[in-house]
Amino acid sequence: MRSALVTGPGLPPQYTDAPEPQPADGEIVVDVLAAAIHPLTRSRAAGTHYSDTSRFPLIPGVDGVGRDADGVLRYFALDAGPGSMAQRVAIDPRRSIPLPDDADPVTVAAGMNPAMSSWIALRSRIRFAAGQSVLVLGATGAAGGLAVEVARLLGAARIVAAGRDATRLAALPARGATAVVRLGTPDTAAALAREAADVDIVLDYVWGDVSAAAMTALVTARPDRSRPLTWVQIGSTAGPTTPVPAAALRAARLQLVGSGIGSVPVPELLAELPELARILTSGGLQVDARPVPLADVESAWTSPASDRARIVLVPDER
Ligand SMILES: NC(=O)c1ccc[n+]([C@@H]2O[C@H](COP(=O)([O-])OP(=O)(O)OC[C@H]3O[C@@H](n4cnc5c(N)ncnc54)[C@H](OP(=O)(O)O)[C@@H]3O)[C@@H](O)[C@H]2O)c1
């Protein structure tokens, strides 16, 4: 079969021949219809993700949409082993969910990973109640934008969206943000203090120095410091570590938790997927996806589109 193949850490995938998948006990083979290039796909393929167990050469791809031998369309999430950027892949059916036959494979492949990040955080990792208020730090990325929509769907009373890109930030009120804050300006700390000092939950996709500064801004301006503030670490686009100020943890009822692979039990995570897929396939979330033939994987990987739609690779031969 044809597949993408990464031959070493940091190298882009090439389109090449690969052996047919060899399903282990309990696995099934699906024809892949769509597999997206998520940040996790890139960091796993580079051997840099904390959950990484990669051995090179590897077929990249952490999830996707495929059709099984019975003709059932499935979203699947992979664990170890060959990835989804191939004509066929062996999957564990317990890590997959059936989709309606008319579901758009590209939309589902593009949307499940980023949408899952906030859905799992709010539904499974922490106790979120409708009526609470949420700050999404890094709301201009795919996952952050969907976090705004997910918070709205789950009944957040106020949703403050913070991000760098002015154009993408301006689109977020239409997706549910009740206020926006521009990151990376001289006014950022004051704006965060003004708009988000009293939020209950922060969904943090950014980390790095940006998060430490935001923590200080929120905690020092918090009108009631005894009110719980749950800071959920989800992504780290601005850096893998953050200098958490000691005072922020002592001067307010701030608790830091992470949400991702490892911090949510896999069965709990899988149990959340059908409802999220139902919302996604019924058009309940806005997903910006760009299908690209799998044969063009190398250029798609190295020159991401300027519109920053999520690139979804589509095998064009069977
Ligand atoms: N834990 C989980 O369950 C989970 C699931 C999915 C994703 N994630 C993680 O979430 C993060 C975002 O994923 P994504 O799919 O949304 O990626 P994405 O669509 O590529 O978006 C990344 C965004 O990061 C922002 N960014 C980059 N550097 C920044 C900085 N220094 N300061 C502020 N913002 C910065 C950019 O915002 P601007 O456009 O404003 O510049 C960009 O839009 C990644 O770290 C990913 O691994 C975690």
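In this predicted model, 21 residues surround the ligand, and T140, A143, D165, S259 and R308 are the closest of them; a residue is taken as near a molecule or strand if one of its heavy atoms lies within 4 Å of it. Residues are numbered from 1 along each chain as its sequence is written, and side-chain values use heavy atoms, with hydrogens and water left out. Because the model is predicted, local features need pLDDT of at least 70 and side-chain atom pairs count only at pLDDT 80 or more, while totals for chains, interfaces and linings use all residues.

Sorted by class, the shell around the ligand holds eight nonpolar, nine polar and four charged residues. Here Ala, Val, Leu, Ile, Met, Phe, Trp, Tyr, Cys and Pro are counted as nonpolar, Asp, Glu, Lys and Arg as charged, and the others, Gly among them, as polar. Helix 2 (105-125) and helix 3 each put at least two residues into this shell. Helices (H or I, at least four residues) and strands (E, at least two) are DSSP runs, numbered from the N terminus.

A polar backbone atom of A143 sits 2.7 Å from an oxygen atom of the ligand. For D165, a backbone N or O atom is found 2.8 Å from a ligand oxygen, and for S236 the corresponding distance is 3.1 Å. The ligand on its own has 920 Å² of accessible area, and the protein covers 78% of it. These areas come from the Shrake-Rupley method with a 1.4 Å probe, and for residues only the protein chains shown count as cover.

Next comes strand 9 (residues 158-163), where five of the six residues are buried. Buried means under 20% relative accessible area, exposed means over 50%, and partly exposed is in between (1.4 Å probe, protein chains only). On one side, strand 9 pairs with strand 8 (residues 133-137) in the parallel sense over five bridges; two strands count as paired if DSSP finds at least two bridges between them. Within this pairing, L135 has V160 of strand 9 as its bridge partner. To get from strand 8 to strand 9, the chain passes through helix 3 (residues 142-153), and this β-α-β crossover is right-handed, which means that, with the strands pointing away from the viewer, the path from the first strand over the helix to the second runs clockwise. Strand 9 is also joined by four bridges to strand 10 (residues 179-182), again in parallel, with A162 standing opposite V181.

Strand 8 also contains V136, which is buried at a relative accessible area of 0%. A171, by contrast, belongs to the loop between helix 4 (166-170) and strand 10 and is partly exposed at 39% relative accessibility.

Strand 5 (residues 73-77) is largely enclosed by the rest of the structure, because five of its five residues are buried. Both faces are covered, with L73, Y75 and A77 buried on one side and R74 and F76 buried on the other. Strand 4 pairs with strand 5 in the antiparallel sense over five bridges, and the two form a hairpin with five residues between them, where G71 in the turn has a positive phi of about 85°. Y75 is the bridge partner of V65 and also stands opposite I97 in strand 7. Strand 5 and strand 7 (residues 96-98) run antiparallel and are joined by three bridges.

Most residues other than glycine have a negative phi, and most peptide bonds are trans. The peptide bond from F56 to P57, however, is cis, with omega near -5°. P57 lies in the loop between helix 1 (39-45) and strand 4 (63-67) and is exposed at 51% relative accessibility. P57 and T7 are 50 residues apart in sequence, yet their C-alpha atoms are 4.2 Å apart in space. W207, a residue other than glycine, has a positive phi near 60°. W207 is placed in the loop between strand 11 (201-204) and helix 6 (208-221), and at 11% relative accessibility W207 is buried.

Technical notes. A polar contact is a pair of N or O atoms within 3.5 Å; within protein, one must be able to donate a hydrogen and the other to accept it, and residues adjacent in sequence count only if both atoms are side-chain atoms.
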